[in-house]
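Have the model open as you read.

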Amino acid sequence: MVIKIEQTNANHSIFCETIIAEMENSAKVRGTGIAKRSVEYLNKKITEGNAIIAITEENEWAGFCYIETWSEEKFVVNSGLIVAPKYRIMGLARSIKKEIFKLSRQKYPEAKIFGLTTGLAVMKINSELGYEPITYSEITQDEKFWDGCKSCINYEILISKNKKNCLCTAMMYDKDDKLNKKRENEENSFSI
């Protein structure tokens, strides 16, 4: 089976509703919170090329992740990582996450890249990419970012903790970290 992983364009808009439905369903199955997104919101990410999508040879959606910027592009979030159930346990999430990370670094090279997650698998992938756990005080404090959490079932916990923590783990990639600089230099030296 061949699955293409590529930057999105307007042709991928046909998958918006399916992706959103799977995000919501997966959150229910896992019993975790998720910030819900509208079709219009996701469509904008897709048409602007601010997302990565995995598509099968039969033009079936297999996985997805998008980029959001905050605080005047000082922070970038790789968000909404989801893989269709029948394509899980194939390493597809890892491949998508690597591609969205590359796209984020390409489009916003000076930004700090962070994410919030309750998923152990995503934490492991983030760690492989050089992310480290951080406190909520180190991420964007942009109110619009926190507005995105309002649809999560854990929002009341976040508010009761004055946005200092929640059930999600915050992780950040620091491009200035010595180990991350070394990792990037090694990757660039192998590029042809």
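G63 has its bridge partner in β4, and that partner is V83. This is a predicted model, by the way. The two strands involved, β3 and β4 (residues 75–83), run antiparallel and share seven bridges. They make a hairpin with four residues between them, and S71 in that turn has a positive phi of about 50°.

On to the other partner of β3. Strand β2 (residues 51–56) is also antiparallel to β3, with five bridges joining them. Here I53 sits opposite F64 of β3. This pair is a hairpin too, with four residues between the strands, and N59 takes a positive phi near 65°.

Here are the two pairings next to each other:

| Pairing | Bridges | Sense |
|---|---|---|
| β2 with β3 | five bridges | antiparallel |
| β3 with β4 | seven bridges | antiparallel |

How covered is β3 (residues 61–70)? Mostly: nine of its ten residues are buried. In a regular strand, side chains alternate between the two faces of the sheet.

Now the cysteines. How many disulfides does a search of the whole structure find? The count is zero. C168 is in no disulfide, and the nearest cysteine sulfur, that of C166, lies 5.8 Å away. The cut-off for a disulfide is a sulfur pair within 2.5 Å.

Is C65 buried or exposed? C65 is buried, because its relative accessible area is 0% and the buried class covers anything under 20%. C168 has 22% relative accessibility, so C168 counts as partly exposed.

Definitions and conventions: Residues are numbered from 1 along each chain as its sequence is written. This is a predicted model: local features need pLDDT of at least 70, side-chain atom pairs count only at pLDDT 80 or more; totals for chains, interfaces and linings use all residues. Side-chain values use heavy atoms; hydrogens and water are left out. Buried means under 20% relative accessible area, exposed over 50%, partly exposed in between (1.4 Å probe, protein chains only). Two strands pair if DSSP finds at least two bridges between them.
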